[in-house]
Amino acid sequence: MSDFFDQRARQISLDAFKNIASDAGPSSAEGEFDSNLERLSVSDQPAPPPRATLPTVKTAVQELLRIGVVEAEARPRIYDTLRRHPQEVAQALEPLDLICRLDEVRGLAWLWVGQGYAGDTSAEAAMQDAVAASGDDDAPPADAPVPGDGWSHPLVRRQRLTLEQSLLLALLRQHYLAHEQQAGVGGGVARVDLVQLGAELATHLGDSGSEAKDDKRLRQLLATLKDHGVVGEVDGSGYVPIRPLIAHVANPATLLALLRQYQALAATTAPRQDGEEAA
């Protein structure tokens with residue numbers, strides 16, 4: 001009898017141990033350890049290195065930064081790279097707060113200062129001053145400066161045109177549009193006769209009485225506009241080529257601003273003339 005009870009007790013103890021082991025889950029501790037190890041290994045893995053920029057894209061972006069404007073006719077390979085890789089070009093220019101704009105019809109790519117870039121604080125401050133002066137927190141006055149108009153970028157030199165340069169730019173724009181109406185947009189190189197252009201400029205600025213002085217004035221104005229990329233060198237036959245960038249530099253917005261400037265000057269000079277006649 002004692003042997004039977006001893007065997008029965010050992011059997012009960014063995015069954016109880018098996019039940020406890022099964023409830024605890026023999027692989028739970030190992031599974032938890034494995035999951036923690038997996039999380040640690042994933043978090044400790046180094047980030048993948050950034051994808052290297054293509055050499056052709058590097059060359060194209062560097063050339064765009066150097067000259068500011070790329071024409072398909074003059075630099076077809078550079079322009080084609082800028083056109084075929086817009087995302088890579090945008091990624092390369094993004095830290096500089098610059099963007100590349102494309103005019104595929106005219107075959108043109110040029111550098112542009114992005115709106116709201118990190119260093120553009122002057123226009124925002126000017127807007128806040130204008131709002132504070134008006135005493136209205138909801139709406140700025142009508143003549144308040146537009147944000148982004150007073151930008152100054154450390155890598156892009158901003159040059160303001162004089163009224164004479166702006167007038168010549170408007171005349172060149174008129175000849176360029178006439179060329180596109182005849183040859184189509186992007187059709188060939190637009191050129192204008194230097195003598196004809198000088199006569200048109202003299203009707204607005206006046207004739208000095210000396211052809212040499214008028215020609216010198218015109219050539220000096222063209223030299224300044226050449227730095228802006230809107231004209232080329234005067235050729236031997238007396239014609240000046242008009243570059244396609246003029247379609248974007250002398251756009252309707254800038255021409256309207258020029259018209260308003262002339263109207264403002266006319267308004268300020270009119271009372272003086274009336275006063276002189278009255279005296």
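Select Leu168, Leu172, Leu197, Leu222 and Ile246: they have the most contacts inside the largest nonpolar core, which has 22 residues. A nonpolar core is a set of buried Ala, Val, Leu, Ile, Met, Phe, Trp, Tyr and Cys residues joined through side-chain atoms within 4.5 Å. Buried means under 20% relative accessible area, with a 1.4 Å probe and protein chains only.

Next, colour the elements that give two or more residues to this core: α7 (163–183), β4 (190–193), α8 (194–205), α9 (211–227), β5 (239–242) and α10 (246–249). Helices (H or I, at least four residues) and strands (E, at least two) are DSSP runs, numbered from the N terminus. Helix α7 gives the largest share, six residues.

This is a predicted model: local features need pLDDT of at least 70, side-chain atom pairs count only at pLDDT 80 or more, and totals for chains, interfaces and linings use all residues. Residues are numbered from 1 along each chain as its sequence is written, and side-chain values use heavy atoms, leaving out hydrogens and water.

Now centre on Leu222. Which residues does leucine 222 contact, leaving aside neighbours within four places in sequence? They are Leu168, Leu172, Leu194, Leu197, Val231, Val234 and Val240. Contact means heavy atoms within 4.5 Å.

Last stop: select α3 (residues 55–67) and α5 (residues 86–93). Show Val57, Val61, Leu64 and Leu65 in α3; they meet Glu88, Val89, Ala92 and Leu93 in α5.

Technical notes
Buried means under 20% relative accessible area, exposed over 50%, partly exposed in between (1.4 Å probe, protein chains only). Axes are lines fitted to C-alpha atoms, for helices over the stretch in contact, and angles run from 0 to 180 degrees between N-to-C directions.
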